[in-house]
Amino acid sequence: MMDGEPVVYLVDADVAVRMAQRRLFESEGLAVQAFGAAAEFLHSHDGETPGCVVLDLCLPDLDGLALQQVLLADGYERELVFMTGHGAVEDSVRAMKAGAADFLIRPCDDGILLGAVHAALERDAARRQVRSELAAIRCRLESLTPREHEVLQQVVGGRLNKQIAADLGIAEKTIKVHRARAMEKMGASSLAELVLKTFELEVGMVVHNFARH
């Protein structure tokens, strides 16, 4: 398995179901890891590996909903596709409210299951891409000197160079130097792009913190 290749984790106590699903997903060229219990999955699970989890609601140790809560408590934003032969409406509501990608009832058509898994993998890839971009912006922001950061905040707030200079008590030409260096470090070629990058970072952090709580 190549680095970065998404993995479909199967968590189901039924050996026949695991084998059938493994064959189905592998026929699509997907990498698969299968487990018969939640504890086995948690022991081997790597949150940094792209992918999703297809799990039964009823497991011999933790049930699927409890496993979902363990992942959330550990900070893993993992896409989950629940499957069950006798799930109640309240179970599906709880799962989806906690961020599940889908909740399917057995018997389930292979096409529907594959569609749910591919959608979950796409969501996972999109989220990881956003997280990577925000991390890059954050890294650039942290490379600024305290003065460059101070100037950047005022620039993004719409302040003119002469206004910033007056506020900070330094020459306007010095503000221009700090501004140019800050924009270069942020990888922004224009004020609009600079504003967008800082806005993306602020929104991304708010969304991430909201999702965690």
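Visitor: Is Asp-56 buried or exposed, and what is its relative accessibility?

Guide: Asp-56 counts as buried, because its relative accessibility is 10%. Buried means under 20% relative accessible area, exposed means over 50%, and partly exposed lies in between (1.4 Å probe, protein chains only). A word on the basis: this is a predicted model, in which local features need pLDDT of at least 70, side-chain atom pairs count only at pLDDT 80 or more, and totals for chains, interfaces and linings use all residues. Residues are numbered from 1 along each chain as its sequence is written, and side-chain values use heavy atoms, with hydrogens and water left out.

Asp-56 sits in strand β3, which spans residues 51-56. Helices (H or I, at least four residues) and strands (E, at least two) are DSSP runs, numbered from the N terminus. UniProt, in an unreviewed entry, lists Asp-56 under "modified residue: 4-aspartylphosphate". UniProt positions follow the numbering used here, feature names are shortened, and annotations may be inferred rather than shown by experiment.

Now the surroundings. Contact means heavy atoms within 4.5 Å. Leaving aside neighbours within four places in sequence, Asp-56 is in contact with Val-11, Asp-12, Gly-64, Met-83, Thr-84 and Arg-106. With Arg-106 there is a polar contact, side chain to side chain, at 3.5 Å. A polar contact is a pair of N or O atoms within 3.5 Å; within protein, one must be able to donate a hydrogen and the other to accept it, and residues adjacent in sequence count only if both atoms are side-chain atoms. Ala-37 is 19 residues from Asp-56 along the chain, and their C-alpha atoms are separated by 9.6 Å.

A nonpolar core is a set of buried Ala, Val, Leu, Ile, Met, Phe, Trp, Tyr and Cys residues joined through side-chain atoms within 4.5 Å. The largest core has 19 residues, and Phe-41, Val-53, Leu-55, Leu-67 and Phe-82 touch the most other members. At least two residues of this core come from each of β1 (7-11), β2 (31-35), α2 (38-44), β3, α3 (64-73) and β4. A second, separate core holds 18 residues, including Cys-52, Val-81, Met-83 and Leu-121. Nonpolar side chains tend to be buried together in soluble globular proteins.

Take Phe-82. Neighbours within four places aside, its contacts include Leu-55, Leu-57, Gly-64, Leu-65 and Phe-103. Gly-64 is also in contact with Asp-56.

His-45 lies in the loop between α2 and β3. At 10% relative accessibility, His-45 counts as buried. The side chain of His-45 makes a polar contact of 3.1 Å with that of Arg-78. Beyond four places in sequence, His-45 is in contact with Tyr-9, Leu-71, Tyr-76 and Arg-78.

Next, the charged pairs. A salt bridge is a side-chain nitrogen of Lys or Arg within 4 Å of a carboxyl oxygen of Asp or Glu. By that rule the count is eleven. One of them joins Arg-127 and Glu-79 at 2.8 Å, N to O. Arg-127 lies in helix α5 (residues 110-142) and Glu-79 in strand β4 (residues 79-84), so the pair ties together parts that are 48 residues apart in sequence. Glu-79 counts as buried, at 5% relative accessibility.

Asp-124 and Arg-128 are both buried. A network of salt bridges links Glu-79, Arg-123, Asp-124, Arg-127 and Arg-128.

Helix α1 (residues 15-26) has Arg-22 and Glu-26 about one helical turn apart. Their side chains meet in a salt bridge of 3.2 Å, N to O. Arg-22 is partly exposed at 29% relative accessibility, and Glu-26 is partly exposed at 41%.

Last, confidence. pLDDT is the predictor's confidence in each residue, from 0 to 100. The protein chain averages 85, and 91% of the residues score at least 70. Over residues 205-213 the pLDDT is below 50, and beyond near neighbours in sequence this stretch has four contacts in the model.
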